[in-house]
Amino acid sequence: MGDAACKPRAPCSTHLKAERVWRMKTALHQIYEAAAQAPSPEEAQAGLKKWISWASRSPLDPFEHLVKTLSSH
């Protein structure tokens, strides 16, 4: 059964990719919110490093590019 035949609640690669993107985006957003209230820059950096580690294993090209950008700064 191909992606075009996916039913709304049936797992398929399109739905799984969308969910992965949503989780990664939400996690990064939460990290930035927490960093704004972090007592130290080191604490904020630790959260970002964990996210970068997770995102660097993503097969999704936009996240690979974002990881490279964040890592270079």
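The questions below concern a predicted model.

Q: At roughly what angle do the axes of helix H2 and helix H3 cross?
A: Two packed helices are described by the angle between their axes and the distance between the axes. Helix H2 covers residues 41–56 and helix H3 residues 61–72. Their axes come within 9 Å, and the crossing angle is roughly 145°.

Q: What is the hand of the crossing of H2 and H3?
A: The contact itself involves Leu 48, Trp 51, Ile 52, Ala 55 and Ser 56 from H2, and Phe 63, Leu 66, Val 67, Leu 70 and Ser 71 from H3. By class, eight of these residues are nonpolar, two are polar and none is charged. Where H2 passes H3, the crossing is left-handed.

Q: Which element gives the largest share of the largest nonpolar core?
A: This core has eleven residues, among them Met 24, Trp 51, Ile 52, Phe 63 and Val 67. H1, H2 and H3 are the elements that each give two or more residues to the core. The largest share, four residues, comes from H1.

Q: Is Arg 20 buried, partly exposed or exposed?
A: Arg 20 is found in helix H1, residues 13–36. Leaving out residues up to four places away in sequence, Arg 20 touches Pro 59 and Leu 60. Buried means under 20% relative accessible area and exposed means over 50%. Arg 20 has 28% relative accessibility, so Arg 20 counts as partly exposed.

Q: How far apart in space are Arg 20 and Leu 60, C-alpha to C-alpha?
A: In sequence, the two residues are 40 residues apart. In space, the C-alpha to C-alpha distance between Arg 20 and Leu 60 is 9.2 Å.

Notes:
Residues are numbered from 1 along each chain as its sequence is written. This is a predicted model: local features need pLDDT of at least 70, side-chain atom pairs count only at pLDDT 80 or more; totals for chains, interfaces and linings use all residues. Side-chain values use heavy atoms; hydrogens and water are left out. Axes are lines fitted to C-alpha atoms, for helices over the stretch in contact, and angles run from 0 to 180 degrees between N-to-C directions. A crossing is left-handed if the near helix is turned anticlockwise from the far one by less than a right angle, and right-handed if clockwise. Contact means heavy atoms within 4.5 Å. Ala, Val, Leu, Ile, Met, Phe, Trp, Tyr, Cys and Pro count as nonpolar, Asp, Glu, Lys and Arg as charged, and the others, Gly among them, as polar. Buried means under 20% relative accessible area, exposed over 50%, partly exposed in between (1.4 Å probe, protein chains only). A nonpolar core is a set of buried Ala, Val, Leu, Ile, Met, Phe, Trp, Tyr and Cys residues joined through side-chain atoms within 4.5 Å.
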